Amino acid sequence: MKLVSFEIFPRKMGFFPYVWLVYLCLPVTQLLLIEEGLKLYAGFAMIGCFLVTYRQLYFCENKPPFFYWLLMQMAIIFTLSMAYGTTYLFMGFFTANFIGWYSDNRKFRNAMILFAFVEIVPLLYHLGKVWNLDLLYTFPFLIIMMISPFGIRSMNRQHKLEEQLDQANEQIRNLIKGEERTRIARDLHDTLGHTLSLITLKSQLVEKLVLVNVKQAQEEAREIQNTSRAALRQVRELVSDMRTAKLTEELNEARMILESAGIELTSEGSPKVEGMPDTTHNILGLCLREAVTNVVKHSGASRCHITFGRTEAQWQLSVHDNGDGIVEPEKNGQLREKNGLKGMAERLDLVDGTLEVTDENGTLLRVRVPIVVKNRKGCETG
């Protein structure tokens, strides 16, 4: 059987509830100095009940009993103030604190109306007795007491907003981690998929050459070693997020992998573009790499044509092969879904680029990225 530990006040509140108990010294002292007999004992009994309500209100936050404990606390203050004197009105500071916990406007307004009644009516009732320096002493504190729930409510709202902000920041951090994992997975697919495809092709070539041309087989084996070392270097660069895929480098690698697969490559336009940002260079280079990898792995093509172009508003890249096309015949003309195409689209979204894949005597892939220019003030315009 699990034992439930008893708490005087919630541990999350720390010493704050205990500090407030100091302010009960005033009504207790007033009872001891002025009252006697039955009235003294009745006063102590009501202050004891007040302590119970004070404790219970801390445990009933945002629960239905909260209002009833608050109502009981106000009833005790009202009774003490009417029967004993205006000194007990200062116990309203306890109630004002709890009223400020209401986040609902209607409940807050109703509690404030009741609280105003509890504080003002006893003051008017004793007005003839306190029309002296006591009134000047009581009235300013009464105003502070009536205003304090608004300040406490504002602080509680700010605290809750800060908690929500912390939760939102935590969700953002989790989303960033998920996005980073997706990016790493996509980069590994784009980087290693291309290189491993090249290693596979050359390994098959070595297997065929080893029986007919040992020297060439050895050269191909050395190229495989070089390619594997390059793959390791790419992974290290990927992890450190330092790799930038240049179009000129990607075109050379594309030529190597296509020739190894027995696919003729022709190109049009120059990949040595001027003024292209590194981010755009990187994204277009990775798109070219993925497109060539798909041609080798899925197209069954014998020719591939790569075109680089530029208009006043766009950078353009197209990859056209004469293979089987992008349409899946057994799926009623639907496009083949490839992780590489999805990765390309996600990358292009980062620079507001577009991806278009059509079936034109094979597969034609078009990539367009808007050119961003800077005006004289350094502002970017499309």
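Q: Which residue of β7 is the bridge partner of Trp-315?
A: In this predicted model, local features need pLDDT of at least 70 and side-chain atom pairs count only at pLDDT 80 or more, while totals for chains, interfaces and linings use all residues. Residues are numbered from 1 along each chain as its sequence is written, and side-chain values use heavy atoms, with hydrogens and water left out. Strands are DSSP runs of E with at least two residues, helices are runs of H or I with at least four, and both are numbered from the N terminus; two strands pair if DSSP finds at least two bridges between them. Strand β3 runs antiparallel to β7 (residues 363–370), joined by eight bridges, and the partner of Trp-315 in β7 is Val-369.

Q: How many bridges join β2 to β3?
A: β2 and β3 form a hairpin with three residues between them, and His-305 stands opposite His-320 in β3. The two strands, residues 303–310 and 314–321, run antiparallel, and the bridges that join them number seven.

Q: Is Cys-287 buried or exposed?
A: A residue is buried under 20% relative accessible area, exposed over 50% and partly exposed in between, with a 1.4 Å probe and protein chains only. The relative accessible area of Cys-287 is 1%, so this cysteine is buried.
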